[in-house]
Structures are given as structure tokens and as C-alpha cells.
Amino acid sequence: MNAGESGSVLKRERVRDHILQLIESLRPGDAIPSERSLCATLEVSRPTLRAAVDELVAAGLLVRAHGRGMFVAPEKITQELVPDSHGMVLPQASGAWSSRLLVFATIAAGARVGRKLHLSPAADVVYAARLRLVDGAPMAIEHLHIPAALVPELTARELETGDLYEHLRERHRVQVSEATQTIEPTVVSQAEARLLGVPELSPALLFERHTSDTQGRPVEYVHSIYRGDRYRIVSRLHLDSSSARTTTPPAGVTPGMAPGVTAQWETRPATGSGVSRAEAGKAGGPASRVP
């Protein structure tokens, strides 16, 4: 990187830090100063300012309104991973969650879902697509597959109200026990973008979960698309190797940390995100239980 490129990067970072400080001092929906005002205050060019703003818009911290200016984005919905004596658990994610049923049908499992649920491709599964909302705003699209033989009386209402796992336990005598979940980055398709109210190819999080019951039977396969601009996962790590560990960390490299550094999960319960909006901007639900 030459001196000119280095200077440009440093200017953009200075602009970004200034705007992040503004965001921290304002509330969601509040306007930030105009581009012209910020350029004058920070003594930078429009392209430099816009490059920094573009990053914050992509990170979900700012919202552009055509002809009106720039505004502090709504708070991100935070899902925190918290350890207990049995592993990682999930407190309820922030916000008031609800569901809108898009599809509810009994269909053949097919080869792919059949493999995941240990079923014949011709076996029946209950398939449901749900739009998950937080405080009334679209947050995720969830695709559920459950062996039909396990839930012969499952209703559409159960998928729109209350906790699905509680319905499975109370009404269908299916006690979920364990789940394996993967999370990876993706982008939304045109159809998904319309449902979530975001531009096509917006960043998103892809969740895939396999759930089994106390008898070891596969009872659920789910894949979900969560808005990348409104949803984040927070994990708490304890890095003091001198303190007593509640779990033995696996050998190898801890993701996001230097080789040789050992991380230990904190054991105190979650009381909030623990991460400020500014920290989230600089850095960039659901495992055993969905929100």
C-alpha cells in the first residue's frame, strides 16, 4: 500500500469513528448531520465520507432515506450464547417475536430432507414456512420439516403462536433434547428480499439446525435466513487461563483469536448484548432453541 492509499484509509477510519460516536450519542431514528456538514467538520472530501458511510449502512448502523438524509438505524436484535453445565444455551433473543405462516402442508420428504431426518424419500413430512417478526418487523424466513408421523395433529395455529418446542412437548409428547446448528454468511434472493423488506443480495445469516428427541430420533430439520443488518450473535469468552475452568476447551485455534490463546466461556447469565453499537460497527437466533 502506497502513502496515498494509506492516507485515504486512515481518513476513512477517522470519519467512521466520528460517525460511530455520533450514533452512540443518538437514538434509533435520529438524523445525523448532512454530508456537506460532516465534510466541513472533518475536512474530508465527499468520496471519503461516502465510503465510510457506505460501510456503516452495510453494517446496519445507518439508514439512508432518499431526499431526507441519513438516520441512525434501529437497534440490532441480539441473540447471546450463554454456557451452562451442559453446554451452550440460548436466552430469549431481544424484542417481541411473532410468526406469520406462509406455507403449511404435508409433503414427501424427498431425498435431501429424507437423509437429514433418516426417512424414506417417500415418507410424509410436515413442511412449514414462517416469516419471523420482531416488534412487527420482518426478521427471518424459517423453513421447518418435521416427520408427519410424530405430529399427526399439528395445527397451523401452533406454528404461529407460542413456542413450537413447548407445543411438541405438551400436545404431541415429543421432548426435544439436542440440536446441532450451523451458521454461515449468505445473501438473500429476490423472493426473500421482498418478504424481509431488504434489497436483493443483501447480507444475511443462514442457520441450519437438526434436532433430536430424548430417544435420539430426528424430529426437526430447519433452515432459516436471518437479516444480516438486524440480527447478530454474541458470545462471551473468558480469557483468564489462571481461573478455574468449567469446561475443557478443545485443542486447536479459537475462532477469531491468535493461535495459542485459550478461551473459556463465561458462566454468568446474560443480561444484555454486552456490545455497544459502536463496537458492533467496528466488528462488523438460534442453537438448541429458537427465539
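**Close-up views of a predicted model**

**View 1. A hairpin joins β1 and β2.** In the hairpin of β1 and β2, three residues sit between the strands, and G67 takes a positive phi near 80°. This is a predicted model, in which local features need pLDDT of at least 70 and side-chain atom pairs count only at pLDDT 80 or more, while totals for chains, interfaces and linings use all residues. Residues are numbered from 1 along each chain as its sequence is written, and side-chain values use heavy atoms, with hydrogens and water left out. Strands β1 (residues 62-65) and β2 (residues 69-72) run antiparallel and are joined by four bridges; two strands pair if DSSP finds at least two bridges between them. Look for A65, whose bridge partner in β2 is G69. Helices (H or I, at least four residues) and strands (E, at least two) are DSSP runs, numbered from the N terminus.

**View 2. Six strands form an open sheet.** Follow the order β5-β6-β7-β10-β9-β8, with antiparallel pairing. Strands β5 (97-108) and β8 (176-187) stand at the edges with a single partner strand each, so one side of each has no neighbour in the sheet. On average, neighbouring strands here are turned by 15° against each other, direction ignored. Axes are lines fitted to C-alpha atoms, for helices over the stretch in contact, and angles run from 0 to 180 degrees between N-to-C directions.

**View 3. Strand β7 meets β10, and helix α4 lies across the sheet.** Six bridges link β7 (residues 137-147) with β10 (residues 218-227), and the two run antiparallel. Here I141 stands opposite I225 in β10. Helix α4 (residues 110-117) lies across β5, β6 (124-134), β7, β9 (203-213) and β10, at about 115° to β10. Contact means heavy atoms within 4.5 Å.

**View 4. S202 is buried in a loop.** Find S202 in the loop between α7 and β9. Its relative accessible area is 14%, so S202 counts as buried (buried means under 20% relative accessible area, exposed over 50%, partly exposed in between, with a 1.4 Å probe and protein chains only). Leaving aside neighbours within four places in sequence, S202 is in contact with T186, V187 and V188.

**View 5. Helix α7 holds L195.** This helix spans residues 190-196. L195 has 31% relative accessibility, so L195 counts as partly exposed.

**View 6. The whole protein.** Stepping back, you can find eight helices and 13 strands. Buried residues make up 41% of the 291 residues.
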